[in-house]
Amino acid sequence: MEEVDRILIHSLKQVGTDVGEDVDSVKQFTSELIVEAVVRCLRVIDPALGSGLSHLLPPGMSARFRLGMSLAQACQDLGYKGEIGYQTFLYSNEPEIRSLLMFLVEKLPRESAEASDQPTGKSVLLQKAIADQIKAQLAVPWLPPTCRLPIQCKTQSRGPCHRFSSQPLSVPYSLKVPQNKQSKEVTEYYRDFLPAATAQPSQPISVPASLLERHASELSATQEWESEWNSQGLLSRLTPEEYRSRKRSRLQRRIEEQLRAAAQPRPDAQGAQRSTSDLAELLQSFGGASAGGDILTKGTRFTHTEKFTFTQEPEKSVQQMVAAASSLPSSRQSEEDLRVQQQEEIAALQQQLHQLAVQMEEVGGDIRHLTTSINQMSEELKELEKSNTENEELVRVKKQTIDLLPDGENNLEKLQNLVEASVKRLDNLKAQWEKHKAPLLEEQRRLKELCSNQEVESTRMLAEIKELHDKIRQSAEEAKKKEALYKQLLTEYEKLPKDVSRSAYTMRILEIVGNIKKQKEEITKILSDTKELQKEINSLTGKLDRTFAVTDELVFKDAKKDESVRKSYKYLAALHENCTQLIQTIEDTGTIMREIRDLEEQIETENSKKTITNLEKILEDYKAIRQENATLAAKIKEA
């Protein structure tokens with residue numbers, strides 16, 4: 001059993017049981033250690049079954065009894081067929097505990113090759129424990145408080161449930177605006193006036209949800225930015241700030257175009273005009289609205305949609321409510337009247353639907369017509385702006401000419417001198433340009449070729465940099481995993497005994513296997529001998545019965561004629577009866593010997609169960625329970 005106990009202790013240590021170094025046998029297990037080992041095994045085998053059980057033995061006796069019954073029920077749910085109860089854990093004996101632990105160790109899931117390569121440092125083990133606990137709690141179905149059993153009340157809170165309601169939080173830092181670029185006023189506000197994050201939500205129950213939502217949004221934004229920067233930002237050859245600024249301006253321009261397209265003016269059927277001030281003000285805030293009567297005149301497609309979807313005249317609403325109330329069937333209406341009424345309602349609804357479709361088509365035609373008019377007006381406006389700019393330039397020139405008219409001769413002479421000087425300077429510049437033109441053109445062609453080559457080279461280097469970044473990140477992750485695995489293996493290696501080699505364990509295992517084979521062969525031989533002996537006994541018994549029957553018949557025939565033969569027949573009958581009694585006595589003797597051996601084995605088993613020690617423990621627990629009951633009774637009287 002020593003080898004079996006070592007295997008059990010090693011398996012229990014693997015699942016997290018705190019087994020001391022001096023414990024090398026199941027016989028040395030205490031009640032606390034047995035409870036911890038069983039609970040650890042249950043949590044690994046079935047997290048939903050073992051998550052609600054404590055691995056620590058409580059101090060109170062009633063709590064200990066409840067924990068023992070819960071553990072016994074959990075083991076029976078897993079399929080344990082042996083006798084088990086709270087006494088198995090509180091007043092344990094070696095054979096029962098060994099059998100129970102062997103059952104639980106056999107039920108443990110086998111570790112895969114991938115799981116064995118994972119590091120098991122303290123942080124990793126903590127994260128794994130947290131994940132297992134969350135997984136176990138999520139696996140338990142939710143039940144109303146009135147339907148919960150006592151074991152489920154431990155795992156599910158009795159408190160009120162709240163909705164996952166989050167509220168926006170304001171924090172002193174942001175991913176969009178770095179902390180070093182915040183203004184002085186904003187920094188002072190964050191330092192002196194901003195409430196703490198836990199005090200910002202209107203209700204305390206919204207704090208966890210708000211923090212989780214804030215963290216999830218920032219994490220998602222960071223991941224999206226990294227993905228966009230790696231795919232598009234690096235190719236733009238801009239800094240992150242320039243890329244964000246360009247993206248912001250492009251988005252603002254696109255929103256402005258969409259709003260302008262949706263807020264174009266259109267005349268209504270009577271020729272009047274209505275303006276939508278909300279969209280106009282929004283366009284002005286983007287800097288895209290013009291002054292004057294160039295703003296909206298009538299509701300856009302959104303207002304039309306809202307009108308047809310949500311607006312309804314009060315009189316129609318009242319008529320529909322009255323019609324709906326009158327359409328309810330009374331007890332005196334027949335089915336035929338109801339069918340006719342339903343057909344009339346269907347026809348009315350179809351007609352109303354047809355009218356709405358016609359109105360929608362008219363509105364769509366108006367929208368297309370107004371869109372065309374808006375485009376024409378925009379082109380006319382651009383032409384007018386262009387002609388206005390030309391007229392302004394012409395007016396400026398004419399104004400300067402008029403200013404020169406009072407002193408015309410002197411000004412004309414100055415202009416002629418200025419024109420001659422300009423012509424000479426132009427000729428000089430042309431001559432200089434011709435001298436420098438050829439080398440500059442050559443330099444331009446050379447720079448263009450160099451720029452194209454550098455662009456190709458930079459693209460190639462950018463791709464290599466991205467590949468190197470990916471390889472560096474993967475290498476760093478692999479290095480961390482291997483370093484943690486190395487530390488774990490080094491710790492396990494230092495704990496292993498240095499004086500035992502692998503060959504010794506292998507030889508020991510082979511010896512155990514050989515002994516088991518020999519025992520199996522001996523058991524098989526004994527069983528075969530027993531079967532042969534039983535067959536021989538059955539054969540002799542049958543032969544004896546047949547011989548006695550034949551002898552009895554022959555002697556009985558002669559006994560009728562001869563007195564001596566009659567006495568012989570009596571002696572024969574007595575001899576047969578005595579032999580039968582003798583055989584029965586021998587069988588009873590064998591049965592009694594077997595019972596004696598069984599009783600001796602039971603006595604040995606009872607001696608190994610530490611009955612006296614368990615009885616002493618039971619007496620101590622009984623006294624503790626009486627003391628607890630007395631204390632509770634005194635408290636009740638005082639209350």
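View 1. The structure holds 0 disulfides, a disulfide being a pair of cysteine sulfur atoms within 2.5 Å. Cys451 is partly exposed because its relative accessibility is 47%. Cys579 is also partly exposed, at 34%. Buried means under 20% relative accessible area, exposed means over 50%, and partly exposed lies in between (1.4 Å probe, protein chains only). This is a predicted model, in which local features need pLDDT of at least 70, side-chain atom pairs count only at pLDDT 80 or more, and totals for chains, interfaces and linings use all residues. Residues are numbered from 1 along each chain as its sequence is written, and side-chain values use heavy atoms, with hydrogens and water left out.

**View 2. The whole chain.** Helices (H or I, at least four residues) and strands (E, at least two) are DSSP runs, numbered from the N terminus. Of the 639 residues, 16% are buried. Among contacts with a separation of 6 or more, 57% join residues 24 or more positions apart. A contact means heavy atoms within 4.5 Å.

**View 3. The largest nonpolar core.** This core has 38 residues. A nonpolar core is a set of buried Ala, Val, Leu, Ile, Met, Phe, Trp, Tyr and Cys residues joined through side-chain atoms within 4.5 Å. Val38, Leu71, Phe89 and Leu104 have the most contacts inside it. At least two core residues come from each of α1 (2–14), α2 (31–45), α4 (61–78), α5 (86–90) and α6 (94–107). The largest share, 9 residues, belongs to α2.

**View 4. Helix α6 and Leu104.** The buried residues of α6 are Ile97, Arg98, Leu100, Leu101, Phe103, Leu104 and Val105. They pack against α1, α2, α4 and α5. Leu104 touches Val38, Cys41, Leu42, Ile45 and Leu78, leaving aside residues up to four places away in sequence. The 14 residues of α6 should span 20 Å at 1.5 Å a residue, and the end C-alpha atoms are 20 Å apart, which agrees. The expected span is 1.5 Å times one less than the number of residues.

**View 5. The kinked helix α11.** Helix α11 covers residues 207–236. Its 30 residues should span 44 Å, and the end C-alpha atoms are 41 Å apart, which agrees. A kink of about 50° is centred on Trp229. The bend at a residue is the angle between axes fitted to the seven residues ending there and the seven starting there. Trp229 is buried, as are Val207, Ala209, Ser210, Glu218, Glu228 and Gly233. The buried residues of α11 pack against α12 (240–262). Just after α11, Arg237 takes a positive phi of about 60°.

**View 6. Lys557 in helix α18.** Lys557 sits in α18 (residues 502–559). Lys557 is partly exposed, with a relative accessible area of 49%. Its C-alpha atom is separated by 9.9 Å from that of Tyr569, 12 residues apart along the chain.

**View 7. Confidence along the chain.** The chain averages a pLDDT of 77, and 80% of the residues score at least 70. pLDDT is the predictor's confidence in each residue, from 0 to 100. Confidence is highest in α2, at 87, and lowest in α7 (residues 113–116), at a mean of 39. Over residues 288–318 pLDDT stays under 50, and the model has 51 contacts there beyond four places in sequence. Residues 327–333 are also below 50, with 6 contacts beyond near neighbours in sequence. Where pLDDT is low, the predicted coordinates should not be read in detail.
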